[in-house]
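Have a look at it first.

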Amino acid sequence: MEFDGPGSTIKRNADGTMSISTTAGDVIEIDQKGSASVHLKQIKAVGIHNLADVESHNINNIVGSVSHYVRFIGGGEVRFVYNASGQLIELSATNVITTVSQNNEIVFKRKQVT
């Protein structure tokens with residue numbers, strides 16, 4: 001994703017929040033505490049940077065969908081759900097490092113404790 005490209009905009013709101021809109025239609029909203037919500041138009045793949053950093057990975061089949069819960073060593077988690085057609089229908093993550101490629105592939109990485 002490009003945030004400084006032509007047509008991308010950054011908006012500071014009066015309440016201390018901020019939103020960043022990209023030319024591709026993606027939006028990042030940052031609250032007063034610095035937490036970010038990312039709204040991507042399309043995600044083609046979800047991945048984990050290093051499986052050695054995974055503490056647990058639970059997979060559940062629920063009414064035609066597959067739910068994944070990944071917990072990283074030292075904290076951080078990722079939850080995502082695919083439907084029976086292989087489409088991503090839900091994705092959330094907390095306390096992790098997130099990278100999105102130009103090919104709309106999202107990869108999660110454990111935060112290193114300092």
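Predicted model: local features only at pLDDT ≥ 70, side-chain atom pairs only at ≥ 80, totals over all residues.

Buried here means under 20% relative accessible area, exposed means over 50%, and partly exposed is in between, using a 1.4 Å probe and protein chains only.

Residues are numbered from 1 along each chain as its sequence is written, and side-chain values use heavy atoms, with hydrogens and water left out.

His68 sits in strand β7, residues 65-72 (strands are DSSP runs of E, at least two residues, numbered from the N terminus). Its side chain makes a polar contact with the side chain of His57 at 2.8 Å; such a contact is a pair of N or O atoms within 3.5 Å, and within protein one must be able to donate a hydrogen and the other to accept it, while residues adjacent in sequence count only if both atoms are side-chain atoms. Leaving out residues up to four places away in sequence, His68 touches His57, Asn58, Ile59, Val78, Arg79 and Phe80, with contact meaning heavy atoms within 4.5 Å.

Phe80 also belongs to an aromatic pair: its ring and that of Tyr82 are edge-to-face (centres within 6.5 Å; planes under 30 degrees apart are stacked, over 60 edge-to-face, the rest tilted). Both Phe80 and Tyr82 are buried.

| Phe80–Tyr82 rings | Value |
|---|---|
| Centres of Phe80 and Tyr82 | 5.9 Å apart |
| Planes of Phe80 and Tyr82 | at 90° |

Methods. Helix = DSSP H or I, 4+ residues; strand = E, 2+ residues; numbered from the N terminus. Phe/Tyr/Trp six-rings, centres within 6.5 Å; stacked < 30°, edge-to-face > 60°.
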